[in-house]
Amino acid sequence: MGRFGESWSPFRKLIYLSVVFFLTFISFNTIQNLAAQIYEKNGYFTLGKICLFAFNITFCLGSFASSKAVDQIGINRSLFLSSIPILLVYIAGIGMAACVETDAPPTYCQSQIFIIGFHLVSYLCAGVCIAFLWSAQAGYLSELASTSESGRYFGYFLATVNSSFIVGNILPSIVFRIASTSTFFVLLLICASISVIMFYWLPPAGEPNGEQSNQLLAVEENRNRQSAATILREILPEMKRILELRKNPAVKPWIFFFLLFGFTQAYNFGFIYRMVEIALPEGSESSYILAQTAQMFIIFGVGISVFGIFVGKAIDHFGTRFVAKITIIGYFCYIGLSFIQLFFRSYLIACIIGGMGGTADVFIETLLCSAINKEFEGSLDYFGLFRAIQVFGASAGFTILIALDTFSPIWTILLMGSYIGLVWIKLPTNQNTTENVLNERLI
């Protein structure tokens, strides 16, 4: 890769990285939010949920392996290479739309196995690549910022990336009113392709001197000599070692915490759109329903962006356990309002649900990072473990949704009951003082 921008200031490199991730997740967050509904409205029913399930499975596995893999491949190279296979998701969507929208569908449309298989491969690849992207991003920012500025740098980065939830959902709210599904996927592909090009030109985080450059070249040459099999042999023991961390007594309460919040990820992306559908007149066109759903997800993004500014400060001021308790109460209200929506069927309530969902989502995302930093001394091993646990919970949630495949209040009631029980889960305050914490409760 070239050395474009090597002499830039760290803050300028931060802005560049933030813009690249912003473009990447304008596309991916949008399709993640709407995939289940888009495929259902185009006659593919549970394909969207199955694809999201496949994505979460490989995202879970990739979270275990990403730290070691990025170390072997290199940060900049990992960012660039991981961004390419994600394009397959949008190409698969264009292919699906062509089968539905054209009078003379392409030959491949006659094979449902090919369509489903290509989609599954696309989302399986995307799961691994997104896990690698986030791990490489953390490494890049850690190299970029000094210790005293790390909080500010991560804050700017996340604020920029989180705004993609808003901008990304403005796009379908407009496109589905005036254009086709294939146009929607083409626009996502264009945004993602631009981000791939920008990843290629991403400047190195550091500004090495001559001696450091020689060392980096030696490391690069060593990486080039390593075969994929060699890297894989090193990754598998690393995954096993990280899994062993679950036996730590301080980890066990957090496992249930993040597993259960993983379930709500499935709820957000595989079920919440039905809150909008039941509020709209029967017989509404699919394009209108998709546009209205996108507007609800704009409110979802507003919740993420607005409250994302304050949640970190709240954790610093009040502590992890207190904010965890508030998050649980917030999720209980979120699920409870969803239950109320079954009877009132109001679009206003659906939008409020979207805002509450986004707020709760950014709370748990920040808690994940804070728990690693405050309870486990910033260990990336625990980050990989907890991220994998959360994503495993999402995969389990999608499995349940696929099995139900109907708008059933049973799912909502089960989540409500689960969160009432979760309030009583014990959370450790420090990895090294577990024995003093086992008697503490959130309430």
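Which hand does the crossing of α1 and α7 have? The crossing of these two helices is right-handed, where right-handed means that the near helix is turned clockwise from the far one by less than a right angle, and left-handed that it is turned anticlockwise.

Before more detail, some ground rules. This is a predicted model, in which local features need pLDDT of at least 70 and side-chain atom pairs count only at pLDDT 80 or more, while totals for chains, interfaces and linings use all residues. Residues are numbered from 1 along each chain as its sequence is written, and side-chain values use heavy atoms, with hydrogens and water left out.

Back to the first pair. Helix α1 covers residues 10–41 and helix α7 residues 164–178, and their axes come within 8 Å and cross at roughly 55 degrees. Helices here are DSSP runs of H or I with at least four residues, strands are runs of E with at least two, and both are numbered from the N terminus. The axes are lines fitted to C-alpha atoms, for helices over the stretch in contact, and the angles run from 0 to 180 degrees between N-to-C directions. α1 and α7 are therefore oblique to each other; under 35 degrees counts as roughly parallel, over 145 as roughly antiparallel, 65 to 115 as roughly perpendicular, and the rest as oblique.

On the α1 side the contact is made by F22, F25, I26, N29, T30, N33, L34 and I38, and on the α7 side by S164, F165, V167, G168, N169, P172 and F176. Contact means heavy atoms within 4.5 Å. By class, the residues of this contact are nine nonpolar, six polar and no charged. Nonpolar covers Ala, Val, Leu, Ile, Met, Phe, Trp, Tyr, Cys and Pro, charged covers Asp, Glu, Lys and Arg, and the others, Gly among them, are polar.

N33 lies in α1 and, at 1% relative accessibility, counts as buried. The cut-offs are under 20% relative accessible area for buried, over 50% for exposed, and partly exposed in between, with a 1.4 Å probe and protein chains only. Leaving aside residues up to four places away in sequence, N33 touches F165, N169, F269 and F297. N33 and F297 are 264 residues apart in sequence, with their C-alpha atoms 7.5 Å apart in space.

Next pair. Helix α3, residues 75–83, and helix α5, residues 112–144, have axes that come within 9 Å and cross at roughly 150 degrees. That makes α3 roughly antiparallel to α5. The crossing is left-handed. From α3, the residues I75, N76, S78, L79, S82 and S83 meet C129, F132, L133, A136, Q137, G139, Y140 and E143 of α5. This contact of α3 with α5 divides into seven nonpolar, six polar and one charged.

α11 passes α14 in a left-handed crossing. W254, F257, F261, T264, Y267 and N268 of α11 make the contact with T320, A324, T327, I328, Y331, Y334, I335 and S338 of α14. The classes there are nine nonpolar, five polar and no charged.

Now a few more single residues. T58 lies in helix α2, residues 47–73, and is buried at 10% relative accessibility. Not counting residues up to four places away in sequence, T58 touches Y123, L124, G127 and V128.

In the loop between α14 and α15 sits R345, partly exposed at 45% relative accessibility. Phi of R345 is near 50 degrees, a positive value in a residue other than glycine.

F376 is in the loop between α15 and α16. Is F376 buried or exposed? F376 is buried, with a relative accessible area of 2%.

Finally, the overall figures. The protein has 17 helices and zero strands. Of its 443 residues, 52% count as buried. Among contacts with a separation of 6 or more, 83% come from residues 24 or more positions apart.
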